[in-house]
Amino acid sequence: MEILPPSFHRRVRYDRVYVAGSPNGRGLFTSVALGGNRAVGRVHGQKKPSGWRSEYCMEFADGAIEPDPPYRFINHSCDPNCILIEWELSRGDETQGEGGTNEPIYEMWLHTLRPVKKGEELTIDYGWEAEASIRCNCRSPKCRGWICRIDDLPRCLEMHKNDTPGGR
Ligand SMILES: [Zn+2]
């Protein structure tokens, strides 16, 4: 599927999302119906060095980002309706003549993967490695049982084969 850059969606109003209770603590919801392959909003946050670890941290550009609300509350699903895309945007002509550099600007955007109904929770696949995996409670029929990258799942299951049910 081709995902169009944020500039394509500039005329769209963003941030029609809200935070509310979900089966997994707080979650991110949409207050309007959204089409598939649409920009939902830009994820702002504090830049952190590579390898930074925290509950909400995401890999970003050459380091990490500690996302601000509301996007920090997006939950994992094994069958997500959204994806985070990191765009490398050229500065174009805007900064030329004012000492601008040609270094790209990085922006993180949330995009829909498929149409989403009003009031539906927005989710992404966290895609964690087996070492970081925890039990999944996404309630999707496609749930893998663990929050883990799909191609790392065999290693994840091997690592957890002696876990007691319900534990981590
Ligand atoms: Zn799941």
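Three strands make an open sheet in the order 4-6-5, with antiparallel pairing. Strands here are DSSP E runs of at least two residues, numbered from the N terminus, and two strands pair if DSSP finds at least two bridges between them. Strand 4 (45–48) and strand 5 are the edge strands, each pairing on one side only. From one strand to the next, the twist averages 40 degrees; axes are lines fitted to C-alpha atoms, and angles run from 0 to 180 degrees between N-to-C directions. Four bridges join strand 4 and strand 6 in the antiparallel sense. Lys47 has Ile65 of strand 6 as its bridge partner.

This is a predicted model: local features need pLDDT of at least 70, side-chain atom pairs count only at pLDDT 80 or more, and totals for chains, interfaces and linings use all residues. Residues are numbered from 1 along each chain as its sequence is written. pLDDT is the predictor's confidence in each residue, from 0 to 100. The protein chain averages 83, and 82% of the residues score at least 70.

| Element | Residues | Mean pLDDT |
|---|---|---|
| Strand 5 | 58–60 | 81 (lowest) |
| Strand 10 | 121–124 | 96 (highest) |

The largest nonpolar core has 25 residues; Leu28, Val40, Ile74, Leu110 and Leu122 touch the most other members. Such a core is a set of buried Ala, Val, Leu, Ile, Met, Phe, Trp, Tyr and Cys residues joined through C-beta atoms within 7 Å. Buried means 20 or more other C-beta atoms within 10 Å of the residue's own. Strand 3 gives the largest share of this core, three residues.

Definitions and conventions. A residue is buried if 20 or more other C-beta atoms lie within 10 Å of its own, exposed if 12 or fewer, and partly exposed in between; C-beta atoms are placed from the backbone.
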